[in-house]
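Dear colleague,

I am passing on the structure below, followed by notes on what was found in it. Please read the notes alongside the coordinates.

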Amino acid sequence: KFRPPQPIIAATPEEKTFHQLSLSWGVFPVLARSQGDTDSLFRHAIDCAKQIDLVEPGDCVVITAGVPLNTSGSTNIIKVQIVEGRA
């Protein structure tokens, strides 16, 4: 009852995490490539969401991540961004 009407897209490079997320109601998991820095990670996550037609140019997205990258339980970044036109 507290879920937002917007889709929750979870991009992960881990296949096990992908399958676990697929069991979560309202979450659309996407298998993504691992990235080396946060800027690349943000771009790649948006590109993955575009590929499954859940976001389009002009949409506002909220991205969460953690530094250092690829460390479980390290979510400490939140970014609000407008989706650009390129795929």
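Asp53 is exposed, with a relative accessibility of 67%, where exposed means over 50% relative accessible area, buried under 20% and partly exposed in between (1.4 Å probe, protein chains only). Asp53 sits in the loop between H2 and E3, helices (H or I, at least four residues) and strands (E, at least two) being DSSP runs numbered from the N terminus. The phi of Asp53 is near 60°, a positive value in a residue other than glycine; most residues other than glycine have a negative phi.

This is a predicted model, in which local features need pLDDT of at least 70 and side-chain atom pairs count only at pLDDT 80 or more, while totals for chains, interfaces and linings use all residues. Residues are numbered from 1 along each chain as its sequence is written, and side-chain values use heavy atoms, with hydrogens and water left out. The average pLDDT of the chain (the predictor's confidence in each residue, from 0 to 100) is 87, and 97% of the residues score at least 70. Among the elements of the chain, the lowest mean pLDDT, 89, belongs to E3, and the highest, 94, to helix H1 (residues 15–21).

The largest nonpolar core has 8 residues, namely Phe42, Ile46, Ala49, Val55, Val61, Ile63, Ala65 and Val83; such a core is a set of buried Ala, Val, Leu, Ile, Met, Phe, Trp, Tyr and Cys residues joined through side-chain atoms within 4.5 Å. Helix H2 (38–51) and strand E3 (60–66) are the elements that give two or more residues to this core. Leaving aside residues up to four places away in sequence, Val83 touches Ile46, Lys50, Val55, Glu56, Pro57, Gly58, Asp59 and Val61, contact meaning heavy atoms within 4.5 Å.

Strand E3 also holds Val62, which is exposed at a relative accessible area of 56%.

Thr75, in strand E4 (residues 75–82), is likewise exposed, with a relative accessible area of 59%. Its contacts, not counting residues up to four places away in sequence, are Thr64, Ala65 and Gly66. Thr75 and Leu54 are 21 residues apart in sequence, and their C-alpha atoms are 23 Å apart in space.

Finally, Glu14 lies in the loop between strand E1 (8–12) and H1, and counts as partly exposed at 48% relative accessibility. The C-alpha atoms of Glu14 and Leu31 are separated by 7.2 Å, with the two residues 17 apart along the chain.

With best regards
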